[in-house]
Every structure is written in structure tokens, then in C-alpha cells.
Amino acid sequence: MKIIDGLVFKAIQMGKNSDDFKNGAQKNANASWMFGIISIVVWIYVSPYWAILPILITLYSIVNSLVSTKISIELEKLLG
């Protein structure tokens with residue numbers, strides 16, 4: 001949790017609130033769905049090897065969405 005705490009502290013310093021991170025989390029979640037669908041299409045119609053990049057981007061978007069959600073929750077706890 002030290003990483004999340006550091007990111008929350010930095011967000012407070014930058015003047016961000018939980019809504020900023022909720023919006024970011026939702027955008028990343030939507031991107032995850034899009035890249036996941038692209039990965040499946042590329043896997044089926046092109047090649048599994050070409051699908052590696054969209055799969056990695058999908059995983060990156062999922063992680064960003066989870067981190068943004070966690071930061072949003074922590075900001076709500078601290079700032080109300």
C-alpha cells in the first residue's frame with residue numbers, strides 16, 4: 001500500500017479529487033474492453049503472435065483502471 005499512499009499524497013498535492021480518478025478509471029475500463037475485443041479479433045483472424053501487443057495494452061489498461069479506482073477510494077476516505 002505504500003505505492004498507493006504515495007500516489008494519493010501526490011494527487012492531493014496536485015489538487016486532484018476523487019472524481020478525476022473515477023473518470024480516469026472509467027476511461028481505462030472502456031479502453032480495456034476495446035483492446036480486449038481487438039485482441040480477440042487479431043488472435044482469430046490474423047495470428048496469436050500479432051495479438052500479443054493488444055493483449056499487453058489490455059492488461060496495462062486494466063491495471064491503470066484498478067489503480068485509479070483505488071486512488072479514488074482513498075481520496076474519498078481522506079477528503080470526504
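Analyst: Helices (H or I, at least four residues) and strands (E, at least two) are DSSP runs, numbered from the N terminus. V41, for example, has its place in helix α2. The model is predicted, so local features need pLDDT of at least 70 and side-chain atom pairs count only at pLDDT 80 or more, while totals for chains, interfaces and linings use all residues. Residues are numbered from 1 along each chain as its sequence is written, and side-chain values use heavy atoms, with hydrogens and water left out.

User: Is V41 buried, exposed or partly exposed, and what is its relative accessible area?

Analyst: Buried means under 20% relative accessible area, exposed means over 50%, and partly exposed lies in between (1.4 Å probe, protein chains only). V41 has a relative accessible area of 41%, so V41 is partly exposed. The C-alpha atom of V41 is separated by 8.4 Å from that of A51, ten residues apart along the chain.

User: How many residues does helix α2 have, and what distance does the helix reach?

Analyst: The expected span of a helix is 1.5 Å times one less than its number of residues. Helix α2 (residues 18-45) has 28 residues, and from its first C-alpha to its last it reaches 40 Å, close to the 40 Å expected at 1.5 Å a residue. Helix α3 also has 28 residues and reaches 40 Å between its first and last C-alpha, close to the expected 40 Å.

User: Which residues of α2 are buried, and what covers them?

Analyst: An α-helix has 3.6 residues a turn, so residues three or four places apart point the same way. In α2, the buried residues include S18, F21, A25, N28, S32, G36 and S39. The cover over the buried residues of α2 includes α1 and α3, where contact means heavy atoms within 4.5 Å.

User: Which residues are buried in α3?

Analyst: Among them are P54, T58, S61, S65, S68, S72 and L75. What covers the buried residues of α3 includes α1 and α2. P54, which lies in helix α3, is buried because its relative accessible area is 10%. Not counting residues up to four places away in sequence, P54 touches F35, I38 and S39. The C-alpha atoms of P54 and I38 are separated by 6.8 Å, though these residues are 16 apart along the chain.

User: At what angle do the axes of α1 and α3 cross?

Analyst: Two packed helices are described by the angle between their axes and the distance between the axes. Axes are lines fitted to C-alpha atoms, for helices over the stretch in contact, and angles run from 0 to 180 degrees between N-to-C directions. The axes of α1 and α3 cross at roughly 65° and come within 10 Å. The contact is made by I4, L7, V8, A11 and I12 of α1, together with V67, K70, I71, E74, L75 and L78 of α3.

User: Which residues make up the largest nonpolar core?

Analyst: A nonpolar core is a set of buried Ala, Val, Leu, Ile, Met, Phe, Trp, Tyr and Cys residues joined through side-chain atoms within 4.5 Å. The largest one has six residues, namely I4, V8, A11, F21, I71 and L75. Two or more residues of this core are given by each of α1 (2-13) and α3 (52-79), and α1 provides the largest share, three residues. Leaving aside neighbours within four places in sequence, the contacts of L75 include V8, A11, F21 and G80.
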